[in-house]
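Please go through the chain below together with the text that follows.

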Amino acid sequence: MSIIFLLKNMDITLIVKDNCQACLRVELVLKSLAERKKEIILTVVNIKDLSNPKAVICPALFVNQELYSYGDINEEKLLIFINQQYKKGACSRGLYQTN
């Protein structure tokens, strides 16, 4: 029998647009965060590539498909929010046994 740990990922999606300094700042912060927290799956999408965007203000940050914020972010507040999501089970380990 084998024991396998599976890690649920936390999806973070950043919607950006061209020539947007705030978008670049937020993207750099999120890339650094994703490097430190491997369970975070970061996706950066240009709004012009979306056929039906959920956001019209950029940057727009979605955590687990829910809008978190528009504009620049406060990394400390985002980390608090992410940790709250972990406590709710948004990114918890599951234990599975195989025969």
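The link of C20 and C23 is right-handed, with 80° about the S-S bond. A disulfide is a covalent bond between the sulfur atoms of two cysteines. Here C20 and C23 form one, with their sulfur atoms 2.3 Å apart; the criterion is a pair of cysteine sulfur atoms within 2.5 Å. C58 is in no disulfide, and the nearest cysteine sulfur, that of C23, is 5.2 Å away. A search of the whole structure finds one disulfide.

The model is predicted: local features need pLDDT of at least 70 and side-chain atom pairs count only at pLDDT 80 or more, while totals for chains, interfaces and linings use all residues. Residues are numbered from 1 along each chain as its sequence is written, and side-chain values use heavy atoms, with hydrogens and water left out.

Buried means under 20% relative accessible area, exposed over 50%, and partly exposed in between, with a 1.4 Å probe and protein chains only. C58 also counts as buried, because its relative accessibility is 13%. The peptide bond that joins C58 and P59 is cis, with omega about -5°. P59 has its place in the loop between strand 3 and strand 4; helices (H or I, at least four residues) and strands (E, at least two) are DSSP runs, numbered from the N terminus.

Two asparagines have backbone angles worth checking. Phi of N19 is near 55°, a positive value in a residue other than glycine. N19 lies in the loop between strand 2 and helix 1, and it counts as exposed because its relative accessibility is 80%. N64 is likewise not a glycine and has a positive phi of about 50°. N64 is found in the loop between strand 4 and strand 5.

A further asparagine, N46, is found in strand 3. At 14% relative accessibility, N46 counts as buried. What does the side chain of N46 make a polar contact with? The partner is the side chain of D18, at 2.8 Å. A polar contact is a pair of N or O atoms within 3.5 Å; within protein, one must be able to donate a hydrogen and the other to accept it, and residues adjacent in sequence count only if both atoms are side-chain atoms. The side chain of N46 also reaches the backbone nitrogen of K48, at 3.0 Å. Leaving aside neighbours within four places in sequence, N46 is in contact (heavy atoms within 4.5 Å) with V16, K17 and D18.

V45 lies in strand 3 as well. V45 is buried, with a relative accessible area of 19%. Not counting residues up to four places away in sequence, V45 touches T13, L14, I15, V16 and L50. The C-alpha atoms of V45 and P59 are separated by 10.0 Å, the two residues being 14 residues apart along the chain.

Helix 2 covers residues 75-87. At its start, a side-chain oxygen of N74 reaches to within 2.9 Å of the backbone nitrogen of E76. The 13 residues of helix 2 should span 18 Å at 1.5 Å a residue, and the end C-alpha atoms are 18 Å apart, which agrees; the expected span is 1.5 Å times one less than the number of residues. Which residues of helix 2 are buried? They are L78, I82, Q85 and Y86. Seen down the axis of helix 2, the buried residues fall within an arc of 100°, so they line one face of the helix; the arc is that of the directions from the helix axis to the C-beta atoms. An α-helix has 3.6 residues a turn, so residues three or four places apart point the same way. The face of helix 2 turned away from its buried side carries the exposed residues E76, K77 and K87. The cover over the buried residues of helix 2 includes strand 2 (10-16), helix 1 (21-36), strand 3 (40-46), strand 4 (60-63) and strand 5 (66-70).

The whole chain can now be set out. Its secondary structure comes to two helices and six strands, in the pattern β-β-α-β-β-β-α-β along the sequence. Of the 99 residues of the protein chain, 34% count as buried. Among contacts with a separation of 6 or more, 73% are between residues 24 or more positions apart.
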